[in-house]
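Me: Please take a close look at one part of this model, the place where the two chains meet. Walk me through it in one go.

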Amino acid sequence: MKASMRVNGVERSADVEPRVLLVDFLRTNLALTGTHVGCDTTSCGACTVLLDGEPVKSCTLLAVQVDGRDIKTVEGLADGAALSPVQVGFHEEHGLQCGFCTPGRMLVGTALLEGNPDPTEEQIRWAISGNICRCTGYMNIVKAIQHAARLKQAAATAPSPAAVAAGGGE
Amino acid sequence: MSSTMHMHGGIGESIKRKEDGRFLRGKGNYVDDFVLPGMLHMAILRSPHAHARIKSIDTSAAGAKPGVIAVVTGELMAQHKLAWMPTLSGDTQAVLATDKVRFQGQEVAAVIAETKVQAEDARDAIVVDYEVLQAVTSPDGAKAEGAPLIRDEKEGQKDNHIYHWESGDQAATQAAFAKAAKVVRLHTFYPRCHPAPLETCGCIADVNPATGKATIYMTSQAPHAIRTVFALVTGLPEQNIRIISPDIGGGFGNKVPVYPGYVVATAASLLIGRPVKWIEDRNENLISTGFARDFHMTGDLAVDEKGKMTALRVHLDSDNGAFFSDAQPSKFKAGLFHIVTGSYDIPTAHVTADGYYTNKAPGGVAYRCSFRVTEASYLIERLVTNAALELGIDQADFRKQNFIQPEQFPYTSATGWIYDSGDYPKAMDLALDKLGYAELKKDVEARRKTGEVTGIGIASFTEVVGAGHGADFDILGLRMFDSAELRVHPTGKALLRMGVKSQGQGHETTFAQIVAEELGIPASDIAVEEGDTDTAPYGLGTYASRSTPVAGAATAMVSRKLREKARKLAAHLLEAAEEDLTWERGKFYVKGSPDRAKTIQEIAFAAYTNLPEGMEAGLEGVHYYDPPNMTYPFGTYAVVVDVDKGTGQVKVRRMVAVDDCGVRINPMIVEGQIHGGLTEGFGIAFMELITFDADGNCIGSNFMDYLLPTAWETPKFEMGETVTPSPHHPIGAKGVGESATVGSPAAYVNAVIDALSPYGVTNIDMPVTSDKVWAALRSKGVTE
Amino acid sequence: MLPAAFDYRAPTTLDEALGVLKERGDDAKILAGGMSLIPLLKLRFAQPALVLDIGRLPGLNRIAGQDGHLSIGALVRHVDVERNGDLAKQVPLMSEAVHWIADPLVRNRGTVVGSVCHADPAGDWGSVMLALGAELVARSASGERVIPVAGFFQDPFTTTLKPDEIVTEVRIPIPSGSSGGAYNKLERKVGDFATVAVAVQVEMNGGKVSRAGIGLTSVGATNIKATEAEKALAGREPTDEVIREAARLAAEAAQPKDDIRGSAAYKKDVVRVFVQRGLHTALSRAQEARS
């Protein structure tokens with residue numbers, strides 16, 4: 001049957017068996033291999049994507065279940081060559097080592113900052129507690145998301161170019 | 001892209017990682033991301049029983065399922081002499097079972113189909129008739145009278161004993177114990193755990209019938225060694241085998257062995273003439289691939305009246321599973337366990353080790369263990385804390401008064417290790433300072449008076465990494481050198497290729513930094529490649545923290561080789577004598593006339609355009625480095641815990657980690673490695689466990705049972721460093737990747753034991769779970 | 001691992017869904033959030049001929065108060081409970097319990113009703129609903145029936161629900177002004193099922209406990225209602241001794257097994273400890289609610 005959804009802003013669909021998992025639909029049917037599979041018991045979070053802006057485990061969703069919904073994967077974070085604040089944060093704070101858990105985790109961070117622009121360390125650790133990392137020990141991941149929060153705040157409070165040109169701003 | 005792009009990127013600079021770009025964009029190239037034309041998918045059928053005879057296998061229904069190309073059994077593999085394969089420890093291992101299955105999860109058959117789900121559907125239709133046999137689930141069970149013979153197919157194998165190994169001086173140690181004022185004994189079990197990298201193991205085997213070339217994408221930490229083993233096992237000529245280890249999602253030693261799945265996929269591809277992809281599920285990874293530890297250890301420490309350690313005696317029984325497949329240097333059956341005298345000046349020691357077959361998955365050397373140093377370090381650090389508690393001496397003081405002192409280096413230990421350098425008191429003092437140890441101890445006393453259960457644990461580990469000097473270290477005869485090949489292009493950019501293989505350790509950055517320091521080319525101008533056996537120079541791979549000590553040294557050496565040729569070119573360009581030139585990172589200039597200079601970029605260009613008569617063109621070289629010795633990183637870790645009397649739950653309040661790995665190439669990356677290891681150590685200490693019931697059923701073969709710490713449980717780490725360079729390493733660096741898994745479990749457990757010591761508890765084996773703590777407290781009458 | 005093949009229907013009206021179940025309910029599984037069902041499908045522990053996705057049915061994702069009870073629709077997710085400020089005020093037991101369920105990602109999909117119907121004895125909502133005295137509304141093609149949660153659970157993963165029924169809501173009697181609750185859970189890490197967990201709900205009247213509800217997680221074949229412990233509290237002033245006795249009775253009601261998480265003796269003792277702690281917390285919350 002037909003599985004249809006909007007992935008990173010683009011309408012995508014394919015004919016699949018109902019039992020096809022969303023993660024396999026993304027990886028195989030859409031060749032978006034940035035979303036990873038790390039376990040078989042819905043335990044690790046490597047497969048996290050955003051469903052209508054909320055982080056979910058795509059290994060525990062059928063492709064046909066998300067008919068007509070909005071999916072965001074790691075491939076949808078950057079704006080062309082420009083990395084998103086969360087991506088920049090992970091780079092600047094060494095928030096990744098092998099990179100396998102990173103796509104899912106960055107999406108969780110992205111969603112967190114949408115709803116909570118200045119999260120505490122505790123709130124960050126709570127939000128990412130569904131995403132296992134074996135490499136980093138989580139400390140730099142917390143710093144990465146805090147770094148992203150600062151970047152977003154700076155961008156939000158920066159004066160517009162027009163204001164600066166008119167002599168306003170800093 | 002990064003804030004450090006403008007930096008030169010030499011040694012000691014925390015430049016941001018050059019490899020991040022693709023991972024951040026979801027464009028990492030892990031094995032499962034590759035799709036080859038005509039590719040098939042393989043699913044493996046595994047044994048539900050720990051020990052059983054195979055009476056029959058019926059694959060007819062499976063073979064008729066949609067999309068199925070082939071169903072492979074041990075019988076078919078045997079026809080091609082591939083039913084059994086050599087292990088990295090000189091034993092043999094079944095590829096697909098023929099006579100018996102010897103552990104739950106063992107490979108029995110494989111289905112190759114057009115899609116993965118078709119392969120799984122057909123797998124369900126394979127019918128195997130088993131005759132269940134009694135299972136052996138421990139070394140005691142293996143030794144027991146009347147125990148079933150597991151390796152009955154092995155000629156000359158009459159029981160379940162694999163090896164006996166000894167180190168040290170039995171007579172001198174016995175004599176010392178006879179005279180000892182006090183002997184402290186600890187019997188402890190380091191349980192089976194698993195590296196569980198987030199990416200499971202897998203491969204795509206593509207044996208091209210038109211070219212005869214076998215290209216195998218593989219999650220391998222040691223692609224060259226695997227290529228050679230494949231050549232020997234399959235008979236495919238080695239020049240026609242190409243192993244490509246692309247991006248690897250974590251290794252931790254799990255991706256060193258040759259797994260049956262790789263061999264079956266390759267054989268299937270050879271027979272079918274199409275690429276075959278096999279990616280294991282998590283349960284397959286946990287139930288069948290290289291586990292870690294499973295050592296039953298008894299340590300005795302002899303102490304004189306002044307509290308000085310005089311002797312150490314250790315016996316261990318190793319549970320190796322059904323096949324002896326440890327990935328370790330061939331001369332050491334129990335790895336480097338005999339480093340067990342640790343950081344202490346113990347005049348004599350004797351270690352005995354016996355390995356046993358059991359009906360469990362094969363393995364043991366894995367999970368950031370530095371070849372069993374994790375087990376050794378755990379034993380000595382637990383024993384030392386127990387001795388301190390028993391003697392009524394402060395844990396830190398007892399260690400300090402027995403440390404190998406700085407002036408004693410290089411230090412030859414009682415079991416023959418020559419420690420290169422160390423300053424243990426300095427690291428300890430820094431850790432205690434960060435902890436605020438004196439104040440903290442008062443606080444602990446005050447809390448205990450109000451009935452709180454709280455404690456401090458210390459561990460001062462010494463690691464031994466950088467395998468290793470060829471005469472002593474080989475795997476299946478392949479000496480453990482490593483390599484670096486460096487080529488500088490006309491425009492002054494460079495390409496570095498090495499025989500090691502990163503699985504997240506940041507090699508594309510750190511090894512470029514070595515070249516940047518030695519040859520003066522900015523790190524951002526240096527590409528680093530690893531993992532393709534067609535192009536990378538031969539090496540033994542990345543595990544046991546050997547990359548920086550061995551391949552890092554090779555990188556420095558090859559850079560210096562190129563620098564010597566560069567000097568000759570500079571002399572030619574500057575029309576000066578070589579002896580009159582001075583090197584300042586990135587350029588040669590005439591002594592006294594700094595304006596008469598040539599940059600490395602100008603020199604590189606000249607290597608292709610303006611050469612002195614008789615000089616070969618190009619600026620490149622390769623170095624195979626044979627380390628003269630191992631390197632010995634060390635540190636002191638300290639942990640503070642609080643225990644809930646009602647539930648037995650343990651909370652880590654603080655964790656201080658001071659590490660010394662010699663010169664740090666990239667401090668940011670070094671710290672990241674330590675954070676990760678401290679977290680794995682935390683998991684091992686408190687929650688990670690693979691265990692078996694009496695029938696050999698595995699408990700811990702999925703992430704609901706095999707528990708990994710999340711960001712919520714994992715403590716925050718307070719980090720510190722001291723720097724004691726390695727005197728023999730070209731840039732003074734030591735390995736560091738495994739220091740934290742080596743040193744931290746004992747620190748965590750010592751904290752719990754310290755917390756329970758007022759009640760007379762002296763040991764709880766890992767994982768220290770809440771029910772065990774509760775039981776220990778209850779047994780001493782303590783409850784909420 | 002990947003699921004075995006199944007038929008899939010995603011009806012857009014309740015009547016359509018009930019019609020399908022009338023015909024094929026015997027070999028069908030209902031899919032709401034999927035956080036319990038899909039893992040079972042992937043491991044092939046469940047191989048239904050038909051998966052009936054109720055995710056598109058309208059009107060089932062509401063939390064609404066009416067006629068003295070709170071109605072939680074079949075598609076209300078755990079995260080919806082987390083975000084509901086009214087619920088946090090009226091039934092803090094639910095708001096406390098929800099944080100203990102699985103992990104944040106699972107809570108974005110899993111449903112309260114789905115969890116109750118799944119009837120895992122290690123499921124948290126079952127104990128909460130027992131403590132609250134909740135009831136389930138089950139619809140079928142032939143009508144509707146109301147099932148008290150006490151008595152709904154028969155065995156692990158087995159309830160009195162018939163194959164042709166869908167539970168459309170769980171109804172919770174709105175606790176009085178002077179009430180409080182607490183959920184204590186011992187889990188080995190975030191995402192783990194409970195080793196032991198205890199739900200406590202108390203209502204006070206003039207310094208005495210007018211109603212007590214105690215639900216136990218992971219210590220029996222089903223979630224357990226600690227009836228004797230509840231009786232020992234009802235109508236009594238909650239002194240330390242009364243609380244201790246209730247805790248002792250609750251521990252007696254628990255029927256845990258020895259397993260990798262600990263011995264039966266351990267788990268019973270944690271029940272005792274958690275009932276004590278839970279009651280103290282619930283009582284002080286009831287006190288605060290009153291003032």
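Reply: Five salt bridges cross the interface of chain A and chain B. This is a predicted model. One of the bridges joins the side chains of R27(A) and D33(B), at 2.8 Å from N to O.

Which elements of chain A give two or more residues to the side that touches chain B? They are four helices: α2 (85–92), α3 (102–115), α4 (121–127) and α5 (139–157) of chain A. By residue type, that side of chain A divides into 20 nonpolar, 15 polar and ten charged residues.

Now the extent of the contact. Chain A brings 45 residues to it, and chain B brings 54. Between them the chains bury about 4200 Å². Carbon and sulfur atoms account for 57% of that area. Within chain A, the residues that lose the most area to chain B are H91(A), H94(A) and R134(A). Together these three make up 19% of what the chain A side buries.

To sum up the side of chain A: its contact residues include 20 nonpolar and ten charged ones, and five salt bridges span the interface with chain B.

Key. Residues are numbered from 1 along each chain as its sequence is written. Chains are lettered from A and ligands numbered from 1 in the order in which they are written. This is a predicted model: local features need pLDDT of at least 70, side-chain atom pairs count only at pLDDT 80 or more; totals for chains, interfaces and linings use all residues. Side-chain values use heavy atoms; hydrogens and water are left out. Contact means heavy atoms within 4.5 Å. Buried area is the accessible area (1.4 Å probe) that two parts lose on being put together, summed over both. A salt bridge is a side-chain nitrogen of Lys or Arg within 4 Å of a carboxyl oxygen of Asp or Glu. Ala, Val, Leu, Ile, Met, Phe, Trp, Tyr, Cys and Pro count as nonpolar, Asp, Glu, Lys and Arg as charged, and the others, Gly among them, as polar.
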